[in-house]
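Please have the viewer open as you read.

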Amino acid sequence: MENKKKSRRVLNAILAVGLAVALWLYVVNVENPTGTTRLRDLDVEIQGSRQLAEQGLMVTSISQDQLDLKVNGRKKTLMKLSPKNVSVYLDVSTIEEKGEWPLSCRTVFPSNVSSDSLTVANWDDLRLTVTVEEVETKRVPVRGSFSGVTVTGFMTGEIETELKNVEVTGPVQILDQIDHAQAQVGGEAVSATIEEDVELRLLGSDGTPVDSKLLTLSEQSTHVTVPVEEVVSIPLRVDLQESEELKEADVSWSISPSYVNVVKEEGQELPEVLNLGSIDLKGVYDDTEFHMPIQLPQGSVGWNLPDYATLSLVVDRYSSRMMPVEDIRLENIPEGLEVEQVTGTIFVWSWGRTRQLTDLKGEQLAASVDLSEAEAAPGIQRFPVTVWIEGTDGVEILGKHYTVALRLTEK
């Protein structure tokens, strides 16, 4: 008895569903009432970009790149619509200058649907704002880079790119951010030359990537060669020739670079030290620099070799100092001449041991002018002076060509 009741309920349910489907089919196919359907997230497609490009313009943004479409029509017709067969277009071909432009989208329904039987219910939502900017072309350099690690004793040399420059087309404000195009090659435990075709990346001057969605490159990639060779580092050295005033112990020195890298060929013998030559300490009175050419042994090949090395000399125990001399003595003035001293103070360079030079006082310096051969003459005359230091050792006057200005007239 219970089983009969369950069977009857199932049969009733099936009959109810069948009646509902039949009723629905009748309503749709016979009555065909009106209704509304909503198509969501339709992509907005731009038309007329070519015409813009001919005027040096391009679309850089739109207020919405997707929108929902609300359509009214007969149920039977609405059932044929879906996001896959309905398109939304935005025509920008009529725009003639940069700026923000309000435009209305155009809808396209599938070919088996008559647009006359459909009505777009939300036309206001189809009105979008388009931003148009000027477009230019910029030529930027292509730079290769290596981001990997070489085996110990091997080094990468100057990276070569087949493409030296690339033309980039796009909005001016984005082009201004571009410094160069990078072609980067990587690798771990590298011990042989690398050759690869590498995609270009646009970078700013600080190395940050530039958004290239709105940019067009004349070339997307380039062939990159990263030379890798076995390299030996050879220290640089100089010889110092001592003078009476300066000994090698009185100075300290450094060379930049302190070594050079030389490619090691199989079976080749390389020197342990590379001597750049000698420096004469005579005439060296203060810290100074010498630029010395780097010359490798014959048959050797440098690796990123600079033309010169800089030798920096620091005089540790000696220094120089400019000092005023106010005690100027006029000697051997001829009879009948009157002398007017125009120069009241002369400045001279003194040099010697740093401690004594620091303690040196201006009153310890004196100068004399020998006027035994002087004659009266119109205007101002200059006469050589002899300068000396009193009461100290280890300090001397540098140079001998000091003069004073005097006016000599007859009494």
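Is E390 buried, partly exposed or exposed? E390 is partly exposed, with a relative accessible area of 34%. Here buried means under 20% relative accessible area, exposed over 50%, and partly exposed in between, with a 1.4 Å probe and protein chains only.

## About the model

This is a predicted model, where local features need pLDDT of at least 70 and side-chain atom pairs count only at pLDDT 80 or more, while totals for chains, interfaces and linings use all residues. Residues are numbered from 1 along each chain as its sequence is written, and side-chain values use heavy atoms, with hydrogens and water left out.

## Salt bridges

A search of the whole structure turns up eight salt bridges, each defined as a side-chain nitrogen of Lys or Arg within 4 Å of a carboxyl oxygen of Asp or Glu. E390 takes part in one of them, meeting R329 at 3.6 Å, N to O. This pair links distant parts of the chain: R329 lies in strand β24 (residues 327-331), and E390 in the loop between β29 (386-389) and β30 (395-398), 61 residues apart. Strands, for reference, are DSSP runs of E with at least two residues, numbered from the N terminus.

R329 also meets the side chain of D327, at 2.9 Å, N to O.

Another salt bridge joins E167 and R139 at 3.7 Å, N to O. Here too the pair links distant parts of the chain, with E167 in strand β11 (residues 165-171) and R139 in strand β8 (residues 127-146), 28 residues apart. E167 is partly exposed at 36% relative accessibility, whereas R139 is exposed, with a relative accessible area of 56%.

## Strand pairing

With strand β9 (residues 154-156), β17 pairs in the antiparallel sense over three bridges, and F154 stands opposite E230. With strand β19 (residues 259-263), β17 is again antiparallel, over five bridges; there V231 stands opposite V263. The pairing of β17 with strand β20 (residues 274-280) is parallel, over five bridges, and L236 stands opposite L274.

Elsewhere, three strands form an open sheet in the order β10-β16-β13, with antiparallel pairing. β10 (160-161) and β13 (194-199) stand at the edges, each with a single partner strand, so one side of each has no neighbour in the sheet. Two bridges join β10 to strand β16 (residues 221-226), and E160 stands opposite T225.

## Surface patches

What gathers with D41 on the surface? D41, D43, E45 and D65 form a patch of negative charge. Patches are made of residues with over 30% relative accessible area and no salt bridge, where like charges are joined within 9 Å and nonpolar side chains (Val, Leu, Ile, Met, Phe, Trp, Tyr) within 5 Å. Asp and Glu count as negative, Lys and Arg as positive, and His and the chain ends are not counted; the place of a charge is taken as NZ of Lys, CZ of Arg, CG of Asp or CD of Glu. E45 sits in strand β1 (residues 34-47) and is partly exposed, with a relative accessible area of 36%.

A nonpolar patch is made up of M322, F347 and W349, with about 340 Å² of accessible area together; such areas come from the Shrake-Rupley method with a 1.4 Å probe, and for residues only the protein chains shown count as cover. W349 belongs to strand β26 (residues 346-353) and counts as partly exposed at 40% relative accessibility.

## Backbone details

Most residues other than glycine have a negative phi, and most peptide bonds are trans. In D41, a residue of strand β1, phi is positive, near 55°. N304 has a positive phi of about 55° too, although it is not a glycine. N304 lies in the loop between β21 (288-293) and β22 (308-315) and is exposed, at 53% relative accessibility.

The peptide bond from S256 to P257 is cis, with omega near 0°. P257 is in the loop between β18 (251-256) and β19.

Conventions. Helices (H or I, at least four residues) and strands (E, at least two) are DSSP runs, numbered from the N terminus. Two strands pair if DSSP finds at least two bridges between them.
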